[in-house]
Amino acid sequence: MKILVTGYKGQLGYDVVNEAQKRGIEAVGVDINEMDITNPQQVRDVITEGNYDAVVHCAAWTAVDKAEEPELFEKVRAVNAMGPKYISDICRELDIPVMYFSTDYVFDGEGDTPWNEYDEFEPLNVYGVTKGEGEKYIVENPKHFIIRIAWVFGKNGNNFIKTMLRLGKERGAVSVVNDQIGLPTYTYDLAKLVVDMIQTEEYGTYHATNSGEYISWYDFAKEIFRQAGMDVEVTPVDSSQFPAKARRPHNSRMNQTELDKHGFDRLPSWQDALSRYLEVLK
């Protein structure tokens, strides 16, 4: 099997390529220099000439607050909506599967009931709007996988854990919101599911975060410092204390019943994922 992985320099793309190669699958990682996903002709040329069996599309605009700047809207939409359209269209023509990563931000983020995989979209911000548009283009290819994830952390790039460790060392105390509830996703664990899934025909929409009881960012921060052996004072605060350009969901809980229905293993507990990740950072 030969797969193309976009967004290779990001947290997830990097881990997907490594996991696939470990299993003897030929995985070609590309980033903007090799394939600009907003250029339809370039997308067509790279995918057609590569003779791939599937495309795993990890590239995305993820700067949530910056996406709110009006002058950037078309650029964000080009990356998060039109890029997936171009990829989905050519994959449909070639009759090969496409996998796309979305977010709980496609929902309205209210209440305390976990979101189901096929709930209606009602996004809070530009990022959620454009990711939802991307999903609608992806499903035009019957051979599609959509995986919604949240609170992502991995080896490459910045994330909440790295930020907490840095602030804890610098300040010895942090304030963290306690009214946004969900579960984190370790890209190393997710990559294993991705490689399992892309080798099947179990097409559809899935939710995949690490397992465990739902937590707040405050709970997550406390466990980060506990496992890291750092004496840092963590103060819970309301999200109104951290005003941002983009509204954040209070409810990022997501059901994962589609994984069970299709015979896929859920990801390990978030505490276990955090423990392994902290070892990687050492």
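Hi everyone, two notes before we start. Residues are numbered from 1 along each chain as its sequence is written, and side-chain values use heavy atoms, with hydrogens and water left out. Because the model is predicted, local features need pLDDT of at least 70 and side-chain atom pairs count only at pLDDT 80 or more, while totals for chains, interfaces and linings use all residues.

Let's begin with strand 1. When I say helix or strand, I mean a DSSP run, numbered from the N terminus: H or I and at least four residues for helices, E and at least two for strands. Buried here means under 20% relative accessible area, exposed means over 50%, and partly exposed is in between, with a 1.4 Å probe and protein chains only.

Which strands does strand 1 pair with? It runs parallel to strand 2, joined by 5 bridges, and it also pairs with strand 3 in the parallel sense, over 4 bridges. Pairing requires at least two DSSP bridges between the strands. If you want to find these on screen, look for Thr 6 opposite Val 30 in strand 2, and for Leu 4 with its bridge partner Val 55 in strand 3.

Strand 1, helix 1 and strand 2 form a right-handed β-α-β unit. Right-handed means that, with the strands pointing away from the viewer, the path from the first strand over the helix to the second runs clockwise.

Now to helix 1 itself, residues 11–22. From first C-alpha to last it reaches 17 Å, close to the 16 Å expected; that expected span is 1.5 Å times one less than the number of residues. Its buried residues include Leu 12, Val 16, Val 17 and Ala 20, and also Asp 15 and Glu 19. The buried residues pack against several elements, among them strand 1, strand 2, strand 3 and helix 6. Contact means heavy atoms within 4.5 Å. Just after the helix, Gly 24 takes a positive phi of about 80°.

Leaving out residues up to four places away in sequence, Tyr 127 touches Trp 61, Ala 67, Asn 80 and Tyr 105, among others. Tyr 127 and Lys 66 are 61 residues apart in sequence, yet 9.2 Å apart in space, C-alpha to C-alpha.

Lys 131 is also found in helix 4. Beyond its sequence neighbours within four places, Lys 131 is in contact with residues including Tyr 100, Phe 101 and Val 106.

Finally, two loop residues. Asn 51 sits between helix 2 and strand 3, is exposed at 62% relative accessibility, and has a positive phi near 55° without being a glycine. Asp 95, in the loop between helix 3 and strand 4, has a positive phi too, about 60°.
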